[in-house]
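Open the model in your viewer and keep the sequence beside it. The tour goes from the whole chain to single residues.

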Amino acid sequence: MKSSLIPEDAVNPAILGYVISFKRSSCTDNNYIKCYLKGESSFCHVIRGVHQGHTYEVQVAAYNIAGEGKHSLPKLVKVCHSSRSASILKQVKQLLKI
């Protein structure tokens, strides 16, 4: 993003929320599915539509009016939930730790 597109008063603007990006780890492309969470106090989120027994690559970034920040390093998460509609529950704080 060019700096001319960012308003002058947007220097270090407040966090509007987080974006969770995920994809099946066996995929060779970089097409992540993104979930946007509004609010800076969003510390966990259930990702629906994932499949039991599969491993997913998950990343987290904060976003504000200037756009998305730097994504966390990818974390591999295996879905071990036993219900039919499996889900991943991960703490955003854990993913942001380096």
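Helices (H or I, at least four residues) and strands (E, at least two) are DSSP runs, numbered from the N terminus. This is a predicted model.

**Whole chain.** Colour the chain by these elements: there are one helix and seven strands. Now switch to a surface view. The chain exposes about 7,000 Å², with 52% of that supplied by carbon and sulfur atoms. Of its 98 residues, 30% are buried. Of the contacts between residues at least 6 apart in sequence, 61% join residues at least 24 apart.

**Strand E4.** Select residues 55–64, which make up strand E4, and find Glu-57 within this strand. Is Glu-57 buried or exposed? Glu-57 is buried, yet it has no salt bridge. The nearest side chain of opposite charge belongs to Lys-23, 4.4 Å away; a salt bridge would need a nitrogen within 4 Å of a carboxyl oxygen.

Select Tyr-32 next. Its side chain and that of Glu-57 are joined by a polar contact of 2.3 Å. Then show the other residues that Glu-57 touches, leaving out those up to four places away in sequence: among them are Ser-21, Phe-22, Ser-25, Pro-74, Lys-75 and Leu-76.

**Cysteines.** Select Cys-27, which counts as partly exposed because its relative accessibility is 35%. Move to Cys-35, which counts as buried because its relative accessibility is 18%, and the cut-off for buried is under 20%. How many disulfides does a search of the whole structure find? The search finds zero.

Definitions and conventions
Residues are numbered from 1 along each chain as its sequence is written. This is a predicted model: local features need pLDDT of at least 70, side-chain atom pairs count only at pLDDT 80 or more; totals for chains, interfaces and linings use all residues. Side-chain values use heavy atoms; hydrogens and water are left out. A disulfide is a pair of cysteine sulfur atoms within 2.5 Å. Buried means under 20% relative accessible area, exposed over 50%, partly exposed in between (1.4 Å probe, protein chains only). Contact means heavy atoms within 4.5 Å. Accessible areas come from the Shrake-Rupley method with a 1.4 Å probe; for residues, only the protein chains shown count as cover. Lys and Arg count as positive and Asp and Glu as negative; His and the chain ends are not counted. A polar contact is a pair of N or O atoms within 3.5 Å; within protein, one must be able to donate a hydrogen and the other to accept it, and residues adjacent in sequence count only if both atoms are side-chain atoms.
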